[in-house]
Amino acid sequence: MEKNYRAELVGVLGDPVDGNPTGVMEEAGFEHAGLNWRYITVKVLPEDLDSAMAGVRAFNMRGVNLTMPHKINVLKHMDALSEAAKVIGAVNTVVCREDGTMFGENTDGKGFVQSLADADIPLAGKTITLLGAGGAARSIGVECALAGAAAIHIVNRNPERGRALADVINAHTKAEADFIPWVGTARVPEGTDILINATCVGLHPNGDQCPDIDFDGVVPGMVACDVVFNPVDTVFLTRAAQRGARCVDGLGMLVNQGCINYTLWTGQPAPRDVMYRKLRAEFEG
Ligand code: NDP
(Lines give C-alpha, C1' and ligand atoms only; values in the text may rest on other atoms or scores of the structure.)
Protein backbone atom coordinates (compact mmCIF):
# COMPACT_ATOMS: atom_id res chain seq x y z
CA MET A 1 0.00 0.00 0.00
CA GLU A 2 1.24 3.51 -0.82
CA LYS A 3 2.51 5.38 2.22
CA ASN A 4 0.61 8.45 3.42
CA TYR A 5 2.89 11.07 4.96
CA ARG A 6 0.08 13.61 5.40
CA ALA A 7 -1.27 14.04 8.91
CA GLU A 8 -4.86 15.07 9.58
CA LEU A 9 -4.86 18.47 11.25
CA VAL A 10 -6.87 19.91 14.13
CA GLY A 11 -5.87 22.64 16.55
CA VAL A 12 -6.76 25.68 18.59
CA LEU A 13 -6.91 29.33 17.53
CA GLY A 14 -6.65 32.02 20.19
CA ASP A 15 -4.70 34.77 21.87
CA PRO A 16 -3.27 34.33 24.43
CA VAL A 17 -2.83 30.66 23.60
CA ASP A 18 0.79 29.79 24.48
CA GLY A 19 -0.20 28.28 27.84
CA ASN A 20 -3.06 26.17 26.45
CA PRO A 21 -2.25 22.50 27.17
CA THR A 22 -5.02 20.95 25.03
CA GLY A 23 -2.67 19.84 22.23
CA VAL A 24 -0.59 17.68 24.56
CA MET A 25 -3.71 15.83 25.69
CA GLU A 26 -5.25 15.41 22.22
CA GLU A 27 -1.97 14.21 20.67
CA ALA A 28 -1.51 11.67 23.48
CA GLY A 29 -4.94 10.33 22.52
CA PHE A 30 -4.12 10.24 18.78
CA GLU A 31 -0.83 8.47 19.40
CA HIS A 32 -2.47 5.91 21.68
CA ALA A 33 -5.06 5.14 18.99
CA GLY A 34 -2.40 4.97 16.23
CA LEU A 35 -3.93 7.95 14.41
CA ASN A 36 -1.64 10.15 12.31
CA TRP A 37 -3.31 13.33 13.53
CA ARG A 38 -1.68 16.55 14.77
CA TYR A 39 -3.10 19.26 17.06
CA ILE A 40 -1.52 22.64 16.39
CA THR A 41 -1.65 25.54 18.85
CA VAL A 42 -1.93 28.75 16.83
CA LYS A 43 -1.79 32.38 17.93
CA VAL A 44 -4.52 34.29 16.08
CA LEU A 45 -5.16 37.97 16.81
CA PRO A 46 -8.79 39.19 16.82
CA GLU A 47 -8.41 41.01 13.48
CA ASP A 48 -6.98 37.89 11.83
CA LEU A 49 -9.79 35.44 12.63
CA ASP A 50 -11.36 35.61 9.14
CA SER A 51 -8.03 34.84 7.44
CA ALA A 52 -7.36 32.10 9.98
CA MET A 53 -10.72 30.43 9.24
CA ALA A 54 -9.95 30.64 5.50
CA GLY A 55 -6.66 28.92 6.41
CA VAL A 56 -8.53 26.18 8.28
CA ARG A 57 -10.38 25.47 5.01
CA ALA A 58 -7.31 25.83 2.79
CA PHE A 59 -5.32 23.40 4.95
CA ASN A 60 -8.21 20.92 4.85
CA MET A 61 -8.17 20.81 8.63
CA ARG A 62 -10.62 18.39 10.27
CA GLY A 63 -11.64 20.91 12.91
CA VAL A 64 -10.49 23.50 15.42
CA ASN A 65 -11.06 24.69 18.93
CA LEU A 66 -11.62 28.38 19.51
CA THR A 67 -10.51 30.07 22.66
CA MET A 68 -10.34 33.68 23.81
CA PRO A 69 -11.28 36.00 22.08
CA HIS A 70 -12.83 34.12 19.14
CA LYS A 71 -15.70 32.02 20.53
CA ILE A 72 -18.41 34.48 19.47
CA ASN A 73 -16.83 36.03 16.38
CA VAL A 74 -16.40 32.60 14.79
CA LEU A 75 -20.20 32.16 14.64
CA LYS A 76 -20.45 33.87 11.24
CA HIS A 77 -18.23 31.18 9.71
CA MET A 78 -20.52 28.34 10.80
CA ASP A 79 -22.92 26.63 8.38
CA ALA A 80 -24.73 24.81 11.21
CA LEU A 81 -24.79 24.98 15.00
CA SER A 82 -25.67 22.49 17.73
CA GLU A 83 -28.70 23.35 19.90
CA ALA A 84 -26.39 24.17 22.82
CA ALA A 85 -24.12 26.43 20.74
CA LYS A 86 -27.23 28.28 19.50
CA VAL A 87 -28.54 28.87 23.02
CA ILE A 88 -25.12 29.68 24.50
CA GLY A 89 -24.29 31.95 21.56
CA ALA A 90 -20.68 30.78 21.35
CA VAL A 91 -18.66 28.01 19.74
CA ASN A 92 -15.53 26.40 21.16
CA THR A 93 -15.32 23.47 18.74
CA VAL A 94 -15.66 23.41 14.96
CA VAL A 95 -16.02 20.24 12.93
CA CYS A 96 -15.06 20.59 9.25
CA ARG A 97 -17.36 18.17 7.48
CA GLU A 98 -16.60 16.20 4.33
CA ASP A 99 -19.07 18.26 2.28
CA GLY A 100 -17.04 21.39 3.06
CA THR A 101 -19.46 22.82 5.64
CA MET A 102 -18.50 23.81 9.17
CA PHE A 103 -20.46 22.69 12.23
CA GLY A 104 -20.14 24.64 15.49
CA GLU A 105 -20.53 23.03 18.91
CA ASN A 106 -19.91 24.20 22.46
CA THR A 107 -18.40 21.46 24.60
CA ASP A 108 -17.22 23.41 27.70
CA GLY A 109 -20.46 22.93 29.61
CA LYS A 110 -20.86 19.36 28.40
CA GLY A 111 -17.39 18.60 29.78
CA PHE A 112 -18.42 20.11 33.11
CA VAL A 113 -21.66 18.13 33.30
CA GLN A 114 -19.70 14.96 32.51
CA SER A 115 -17.23 15.70 35.34
CA LEU A 116 -20.15 15.79 37.79
CA ALA A 117 -21.47 12.52 36.35
CA ASP A 118 -17.97 10.99 36.70
CA ALA A 119 -18.13 11.88 40.41
CA ASP A 120 -21.68 10.45 40.71
CA ILE A 121 -23.11 13.86 41.50
CA PRO A 122 -26.63 14.18 40.06
CA LEU A 123 -27.87 17.48 38.64
CA ALA A 124 -31.57 16.71 38.35
CA GLY A 125 -33.62 18.90 40.68
CA LYS A 126 -30.55 20.59 42.21
CA THR A 127 -30.05 24.24 43.09
CA ILE A 128 -26.88 25.73 41.65
CA THR A 129 -25.03 28.90 42.46
CA LEU A 130 -22.87 29.99 39.56
CA LEU A 131 -20.14 32.55 40.21
CA GLY A 132 -19.48 34.42 36.94
CA ALA A 133 -21.37 34.99 33.70
CA GLY A 134 -18.58 34.93 31.08
CA GLY A 135 -18.07 32.34 28.35
CA ALA A 136 -17.42 29.36 30.62
CA ALA A 137 -20.29 30.29 32.94
CA ARG A 138 -22.75 30.64 30.04
CA SER A 139 -21.86 27.22 28.75
CA ILE A 140 -22.03 25.62 32.21
CA GLY A 141 -25.26 27.39 33.18
CA VAL A 142 -27.09 26.34 30.01
CA GLU A 143 -25.85 22.73 30.09
CA CYS A 144 -26.67 22.30 33.80
CA ALA A 145 -30.16 23.61 33.08
CA LEU A 146 -30.56 21.26 30.10
CA ALA A 147 -29.33 18.41 32.33
CA GLY A 148 -32.19 19.01 34.73
CA ALA A 149 -31.01 21.48 37.39
CA ALA A 150 -34.09 23.06 39.01
CA ALA A 151 -32.73 26.48 39.94
CA ILE A 152 -29.64 28.49 39.03
CA HIS A 153 -28.52 31.61 40.92
CA ILE A 154 -26.10 33.65 38.83
CA VAL A 155 -23.77 35.85 40.83
CA ASN A 156 -21.79 38.34 38.74
CA ARG A 157 -20.19 41.79 39.02
CA ASN A 158 -21.34 43.00 35.60
CA PRO A 159 -25.17 43.18 35.80
CA GLU A 160 -25.80 43.11 32.00
CA ARG A 161 -23.84 39.89 31.57
CA GLY A 162 -25.41 38.34 34.68
CA ARG A 163 -28.97 39.21 33.67
CA ALA A 164 -28.41 38.12 30.08
CA LEU A 165 -27.39 34.65 31.25
CA ALA A 166 -30.40 34.35 33.56
CA ASP A 167 -32.68 35.43 30.67
CA VAL A 168 -31.17 32.85 28.28
CA ILE A 169 -31.66 30.03 30.79
CA ASN A 170 -35.23 31.10 31.58
CA ALA A 171 -36.11 31.43 27.89
CA HIS A 172 -34.65 28.14 26.64
CA THR A 173 -34.74 25.66 29.51
CA LYS A 174 -37.06 24.46 32.27
CA ALA A 175 -34.72 25.68 35.03
CA GLU A 176 -35.51 28.84 36.98
CA ALA A 177 -32.62 31.30 36.88
CA ASP A 178 -32.14 34.55 38.75
CA PHE A 179 -29.40 37.15 38.86
CA ILE A 180 -27.71 38.29 42.08
CA PRO A 181 -25.41 41.32 41.79
CA TRP A 182 -21.90 40.62 43.13
CA VAL A 183 -21.08 43.59 45.33
CA GLY A 184 -18.33 43.21 47.92
CA THR A 185 -18.27 39.79 49.58
CA ALA A 186 -20.92 37.59 47.94
CA ARG A 187 -23.21 35.48 50.11
CA VAL A 188 -23.84 31.88 49.08
CA PRO A 189 -27.64 31.59 48.82
CA GLU A 190 -29.24 29.18 51.27
CA GLY A 191 -30.32 25.92 49.67
CA THR A 192 -27.37 25.81 47.28
CA ASP A 193 -26.48 22.20 46.43
CA ILE A 194 -23.69 22.92 43.95
CA LEU A 195 -21.47 26.02 44.08
CA ILE A 196 -19.41 26.67 40.95
CA ASN A 197 -16.56 29.12 40.49
CA ALA A 198 -16.84 29.93 36.79
CA THR A 199 -14.77 33.12 37.04
CA CYS A 200 -11.09 33.35 36.15
CA VAL A 201 -10.19 34.29 39.74
CA GLY A 202 -7.41 32.00 40.97
CA LEU A 203 -6.01 31.26 37.52
CA HIS A 204 -2.22 31.16 37.12
CA PRO A 205 -0.29 33.47 37.61
CA ASN A 206 -2.80 34.63 40.25
CA GLY A 207 -3.09 31.24 41.90
CA ASP A 208 -3.11 32.78 45.39
CA GLN A 209 -6.42 34.59 44.69
CA CYS A 210 -9.90 33.43 45.62
CA PRO A 211 -13.38 34.65 44.61
CA ASP A 212 -14.66 37.09 47.24
CA ILE A 213 -17.43 35.01 48.81
CA ASP A 214 -18.49 34.36 52.39
CA PHE A 215 -17.31 30.79 53.02
CA ASP A 216 -19.59 30.59 56.09
CA GLY A 217 -22.31 29.83 53.53
CA VAL A 218 -20.47 26.70 52.39
CA VAL A 219 -21.84 23.79 54.39
CA PRO A 220 -21.00 20.08 54.68
CA GLY A 221 -22.63 18.12 51.87
CA MET A 222 -22.45 21.01 49.41
CA VAL A 223 -20.53 20.35 46.20
CA ALA A 224 -17.93 22.97 45.22
CA CYS A 225 -16.55 23.04 41.68
CA ASP A 226 -13.89 25.18 40.02
CA VAL A 227 -13.39 25.78 36.31
CA VAL A 228 -9.83 26.94 36.95
CA PHE A 229 -7.49 24.03 36.16
CA ASN A 230 -4.12 25.74 36.58
CA PRO A 231 -3.45 25.33 39.48
CA VAL A 232 -5.62 22.23 39.93
CA ASP A 233 -5.97 22.68 43.69
CA THR A 234 -7.27 26.24 43.86
CA VAL A 235 -7.63 28.34 47.00
CA PHE A 236 -11.42 28.31 46.35
CA LEU A 237 -11.55 24.50 46.47
CA THR A 238 -9.19 24.31 49.45
CA ARG A 239 -11.35 26.71 51.47
CA ALA A 240 -14.56 24.98 50.42
CA ALA A 241 -13.10 21.61 51.44
CA GLN A 242 -12.19 23.06 54.86
CA ARG A 243 -15.89 23.85 55.29
CA GLY A 244 -16.83 20.24 54.51
CA ALA A 245 -17.75 20.60 50.83
CA ARG A 246 -17.13 17.87 48.31
CA CYS A 247 -14.83 19.26 45.63
CA VAL A 248 -14.63 18.81 41.85
CA ASP A 249 -11.62 20.42 40.13
CA GLY A 250 -11.40 22.01 36.66
CA LEU A 251 -9.15 19.33 35.21
CA GLY A 252 -12.02 16.87 34.75
CA MET A 253 -13.99 19.44 32.76
CA LEU A 254 -10.99 20.15 30.54
CA VAL A 255 -10.29 16.49 29.87
CA ASN A 256 -13.94 15.68 29.27
CA GLN A 257 -14.44 18.44 26.74
CA GLY A 258 -11.19 17.34 25.07
CA CYS A 259 -12.60 13.81 24.84
CA ILE A 260 -15.89 15.05 23.37
CA ASN A 261 -13.94 17.05 20.76
CA TYR A 262 -11.73 14.05 19.96
CA THR A 263 -14.82 11.97 19.21
CA LEU A 264 -16.49 14.74 17.19
CA TRP A 265 -13.39 14.97 14.98
CA THR A 266 -12.26 11.36 14.66
CA GLY A 267 -15.56 9.53 15.12
CA GLN A 268 -13.84 7.26 17.63
CA PRO A 269 -14.18 6.97 21.43
CA ALA A 270 -11.46 8.94 23.20
CA PRO A 271 -8.87 7.15 25.37
CA ARG A 272 -9.83 9.25 28.41
CA ASP A 273 -7.41 7.70 30.91
CA VAL A 274 -4.43 8.27 28.60
CA MET A 275 -5.49 11.88 27.98
CA TYR A 276 -6.20 12.56 31.66
CA ARG A 277 -2.83 11.16 32.81
CA LYS A 278 -0.95 13.18 30.19
CA LEU A 279 -2.67 16.41 31.20
CA ARG A 280 -2.27 15.81 34.91
CA ALA A 281 1.47 15.22 34.37
CA GLU A 282 1.72 18.60 32.61
CA PHE A 283 0.55 20.35 35.77
CA GLU A 284 2.68 18.25 38.07
CA GLY A 285 5.68 19.62 36.22
P1 NDP B 1 -14.57 35.44 30.55
O2 NDP B 1 -13.59 36.55 30.42
O3 NDP B 1 -15.58 35.23 29.48
O4 NDP B 1 -15.40 35.62 31.93
C5 NDP B 1 -14.75 35.92 33.13
C6 NDP B 1 -15.76 35.94 34.27
O7 NDP B 1 -15.03 36.11 35.49
C8 NDP B 1 -16.76 37.09 34.19
O9 NDP B 1 -18.00 36.65 34.69
C10 NDP B 1 -16.14 38.13 35.13
O11 NDP B 1 -17.09 38.98 35.72
C12 NDP B 1 -15.58 37.23 36.20
N13 NDP B 1 -14.54 37.86 36.98
C14 NDP B 1 -13.29 38.22 36.59
N15 NDP B 1 -12.60 38.74 37.60
C16 NDP B 1 -13.43 38.72 38.69
C17 NDP B 1 -13.30 39.13 40.05
N18 NDP B 1 -12.18 39.67 40.51
N19 NDP B 1 -14.34 38.92 40.88
C20 NDP B 1 -15.49 38.38 40.42
N21 NDP B 1 -15.69 37.99 39.15
C22 NDP B 1 -14.66 38.15 38.29
O23 NDP B 1 -13.70 34.14 30.78
P24 NDP B 1 -14.11 32.61 30.51
O25 NDP B 1 -15.49 32.42 30.98
O26 NDP B 1 -13.77 32.23 29.13
O27 NDP B 1 -13.09 31.83 31.46
C28 NDP B 1 -13.28 31.82 32.88
C29 NDP B 1 -12.39 30.76 33.47
O30 NDP B 1 -12.80 29.47 33.01
C31 NDP B 1 -10.90 30.87 33.11
O32 NDP B 1 -10.15 30.65 34.27
C33 NDP B 1 -10.69 29.73 32.12
O34 NDP B 1 -9.37 29.23 32.19
C35 NDP B 1 -11.66 28.70 32.68
N36 NDP B 1 -12.08 27.69 31.72
C37 NDP B 1 -11.91 26.37 32.08
C38 NDP B 1 -12.28 25.37 31.23
C39 NDP B 1 -12.06 23.95 31.66
O40 NDP B 1 -12.23 23.07 30.79
N41 NDP B 1 -11.76 23.68 32.91
C42 NDP B 1 -12.88 25.66 29.90
C43 NDP B 1 -13.06 27.06 29.65
C44 NDP B 1 -12.66 28.03 30.52
P45 NDP B 1 -17.64 40.31 35.00
O46 NDP B 1 -18.63 39.83 33.96
O47 NDP B 1 -18.27 41.05 36.09
O48 NDP B 1 -16.44 40.99 34.40
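## Close-up views of a predicted model

View 1. Lys 71 is partly exposed, with 22% relative accessible area. Here, buried means under 20% relative accessible area, exposed means over 50%, and partly exposed lies in between (1.4 Å probe, protein chains only). The model is predicted: local features need pLDDT of at least 70, side-chain atom pairs count only at pLDDT 80 or more, and totals for chains, interfaces and linings use all residues. Residues are numbered from 1 along each chain as its sequence is written, and side-chain values use heavy atoms, leaving out hydrogens and water. Asp 108 is buried at 8% relative accessibility. What does Asp 108 form with Lys 71? The two form a salt bridge, with the closest N and O atoms 3.0 Å apart. Lys 71 sits in the loop between β3 and β4 and Asp 108 in helix α4 (residues 108–118), so the pair ties together parts 37 residues apart in sequence. A salt bridge needs a side-chain nitrogen of Lys or Arg within 4 Å of a carboxyl oxygen of Asp or Glu. Helices (H or I, at least four residues) and strands (E, at least two) are DSSP runs, numbered from the N terminus.

**View 2. A salt bridge between two helices.** Glu 143 forms a salt bridge with Lys 110, and their closest N and O atoms are 3.0 Å apart. Glu 143 lies in helix α5 and Lys 110 in helix α4, so the pair ties together parts that are 33 residues apart in sequence. Glu 143 is buried at 8%. Lys 110 is partly exposed at 25%.

**View 3. A salt-bridge network.** Arg 6, Glu 8 and Arg 62 are linked in a network of salt bridges. In the pair of Glu 8 and Arg 62, the closest N and O atoms are 3.2 Å apart. Glu 8 belongs to strand β1 and Arg 62 to the loop between α2 and β3, so this pair ties together parts that are 54 residues apart in sequence. Glu 8 counts as buried at 15%, while Arg 62 is partly exposed at 28%. The whole structure holds 9 salt bridges.

**View 4. The parallel sheet.** An open sheet of 6 strands has parallel pairing, in the order β9-β8-β7-β10-β11-β12. Two strands pair if DSSP finds at least two bridges between them. Which strands stand at the edges? They are β9 (176–181) and β12 (246–248); each has a single partner strand, so one side of each is left without a neighbour in the sheet. From one strand to the next, the twist averages 20°. Axes are lines fitted to C-alpha atoms (for helices, over the stretch in contact), and angles run from 0 to 180 degrees between N-to-C directions.

**View 5. Strands β7 and β8 with helix α5.** Parallel strands β7 (residues 127–131) and β8 (residues 151–156) are joined by 5 bridges. Thr 129 stands opposite His 153 in β8. Helix α5 (residues 135–146) packs on this sheet and touches β7, β8 and β10 (194–197). Contact means heavy atoms within 4.5 Å. The direction of α5 makes about 170° with that of β7.

**View 6. The mixed sheet.** Another open sheet of 6 strands runs in the order β2-β1-β3-β5-β6-β4, with mixed pairing. Its edge strands, β2 (37–43) and β4 (80–81), each pair on one side only. Strands β3 (residues 63–66) and β5 (residues 93–96) pair in the antiparallel sense over 3 bridges. Gly 63 has Val 95 in β5 as its bridge partner. Helix α2 (residues 49–58) packs on the sheet, touching β1, β3, β5 and β6 (102–105).
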